[in-house]
Amino acid sequence: MQEKQTGIHICCIRGEMCPRDTYVNITEDAFQCVSCKETEWSEAGSTSCKLWLVEYIPFTDSGAILVMVGTLILVGLIIPISVLFAINFNTPVVRSAGGLVCFLILGCLTLCSLSVFFYFGKSTNTSCVMRYFPFLLCYTVSLACFVVRSFQIVCIFKIVTKIPELQTWWIKYHAQWLLITGTFSA
């Protein structure tokens, strides 16, 4: 560790530590902290800068392969469940599970899962957008759907016994979709 000298005294040298991303070049000027270039960095008190090292996880990495296989298995389970729900859409079981909201949840979970494939390999502007935007958007919608379903099951059915007009209003104005949109928008 090297400090920038602030003065020379008879018995010693007093100094202060150069901050991070700067260094002291003692061969040229020991009294001045020099900034590193944009492609370099340094720790506080350094005498030189180091180049930034950017590492990418390749598609062939064992961890990446494991994550991608897990994602494919998840999507492979979501698709048959969606088909099963579509075949039995008009049954009371699918209706009570949420009907169209279930399709929205399954679709969003699929798109969320597929965004994993953009985390591997060298980053580009497109891959950065595709890794975050679909995940954030679809995950938010999925969570909004879960919140609405939980609210609907816990609150609406218990409150309806005391205020029967609430169920009529809930159905008439498609309140679940309003709450999903509102939760997603917030």
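I looked up the bond between Cys 18 and Cys 33 and found a disulfide (a pair of cysteine sulfur atoms within 2.5 Å) with an S to S distance of 2.0 Å. I noted -90° about the S-S bond, a left-handed link. Cys 18 lies in the loop between strand E2 (13-17) and strand E3 (22-25), and Cys 33 lies in strand E4 (residues 29-35), 15 residues apart. Strands (E, at least two residues) and helices (H or I, at least four) are DSSP runs, numbered from the N terminus. My search of the whole structure gave 2 disulfides.

I recorded that the model is predicted: local features need pLDDT of at least 70, side-chain atom pairs count only at pLDDT 80 or more, and totals for chains, interfaces and linings use all residues. Residues are numbered from 1 along each chain as its sequence is written, and side-chain values use heavy atoms, with hydrogens and water left out.

I next examined helix H3 (residues 100-114) against H6, which pack at about 25° with axes 11 Å apart. Axes are lines fitted to C-alpha atoms, for helices over the stretch in contact, and angles run from 0 to 180 degrees between N-to-C directions. H3 and H6 are therefore roughly parallel (angles under 35 degrees; over 145 is roughly antiparallel, 65 to 115 roughly perpendicular, the rest oblique). In contact (heavy atoms within 4.5 Å), Leu 100, Val 101 and Leu 104 of H3 meet Gln 176, Trp 177 and Ile 180 of H6.
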